[in-house]
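Welcome, and take a moment to turn the model around before reading on. We will go from the whole chain down to single side chains.

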Amino acid sequence: MIGQQVGSYRILRELGQGGMGVVFLAEHPLIGKRAAVKMLLPELSANPAIVQRFFTEARATSRLQHEGIVEVFDFGYHASGRAFITMEFLTGEGLGARVRREGRLPIGLAL
């Protein structure tokens with residue numbers, strides 16, 4: 001997938017994998033905006049019920065505006081037939097790393 005176009009974004013590198021798919025770092029070639037592209041595994045993209053749930057998640061998330069929820073930019077199908085969601089790429093420290101570094105978080109921050 002590296003170097004391929006997914007929607008309006010070009011895949012730069014893989015960020016991680018999970019049970020349902022792979023997340024890539026991507027960049028819009030004209031404006032330079034970075035995004036995370038979540039792609040379902042090919043066998044899951046062939047299952048209409050799973051794709052429907054995946055796209056429902058994208059629609060619901062795109063309607064929310066909250067600092068704790070990523071912004072969804074786009075979703076659809078790659079030329080390979082794999083379903084994808086393009087979303088805001090966040091940088092910074094993950095929750096697990098922060099807890100390891102600081103220990104238990106104050107309740108207000110955790111909420």
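The structure is predicted, and local features are described only where pLDDT is at least 70, side-chain atom pairs only at pLDDT 80 or more, while totals for chains, interfaces and linings use all residues. Residues are numbered from 1 along each chain as its sequence is written, and side-chain values use heavy atoms, with hydrogens and water left out.

Let us start with the whole chain. The protein chain contains 4 helices and 6 strands; here helices (H or I, at least four residues) and strands (E, at least two) are DSSP runs, numbered from the N terminus. The C-alpha trace of the protein chain spans about 45 × 35 × 25 Å along its principal axes. Of the 111 residues in the protein chain, 29% are buried; buried means under 20% relative accessible area, exposed means over 50%, and partly exposed lies in between (1.4 Å probe, protein chains only).

How much accessible surface does the protein chain have? The total is about 7400 Å², and 54% of that belongs to carbon and sulfur atoms. Such areas come from the Shrake-Rupley method with a 1.4 Å probe, and for residues only the protein chains shown count as cover. Among contacts in the protein chain with a separation of 6 or more, 36% are between residues 24 or more positions apart; a contact means heavy atoms within 4.5 Å.

Now look for the aromatic rings. A pair of aromatic rings is described by the distance of the centres and the angle of the planes. Rings of Phe, Tyr and Trp (its six-membered ring) pair if their centres lie within 6.5 Å, and planes under 30 degrees apart count as stacked, over 60 as edge-to-face and the rest as tilted. The structure holds 4 aromatic pairs. One of them is tilted and joins phenylalanine 55 to phenylalanine 75, with 5.0 Å from centre to centre and 40° between the planes. Because phenylalanine 55 sits in helix H2 (residues 48–63) and phenylalanine 75 in strand E5 (residues 72–77), this pair ties together parts that are 20 residues apart in sequence.

Phenylalanine 75, at 27%, counts as partly exposed. Phenylalanine 55 also pairs with tyrosine 77: the ring centres are 5.4 Å apart and the planes stand at 80°, which means the pair is edge-to-face. This pair too links distant parts of the chain, with phenylalanine 55 in helix H2 and tyrosine 77 in strand E5, 22 residues apart. Ring pairs join Phe54, Phe55, Phe75 and Tyr77 into a cluster.

Charges come next. The protein chain has 13 positive and 10 negative side chains, and the centres of the two sets lie 2 Å apart. Lys and Arg count as positive and Asp and Glu as negative, while His and the chain ends are not counted; the place of a charge is taken as NZ of Lys, CZ of Arg, CG of Asp or CD of Glu.

Side chains of opposite charge can pair when their charged atoms come close. The structure has 5 salt bridges, each a side-chain nitrogen of Lys or Arg within 4 Å of a carboxyl oxygen of Asp or Glu. One of them connects arginine 34 with glutamate 27, with 3.5 Å between the closest N and O atoms. Arginine 34 is partly exposed at 41%, and glutamate 27 is partly exposed at 26%. Glutamate 93 and arginine 101 meet in another salt bridge, at 2.6 Å from N to O. Arginine 101, exposed at 53%, also meets glutamate 102 at 3.3 Å. Shared partners join Glu93, Arg98, Arg101 and Glu102 into one network of salt bridges.

Finally, visit two single residues. Threonine 86 belongs to strand E6 (residues 83–88) and is buried at 0% relative accessibility. Beyond its neighbours within four places in sequence, threonine 86 contacts several residues, including Tyr9, Val37 and Phe73. Leucine 30 lies in the loop between strand E3 (21–27) and strand E4 (34–40), and is exposed with a relative accessible area of 77%.
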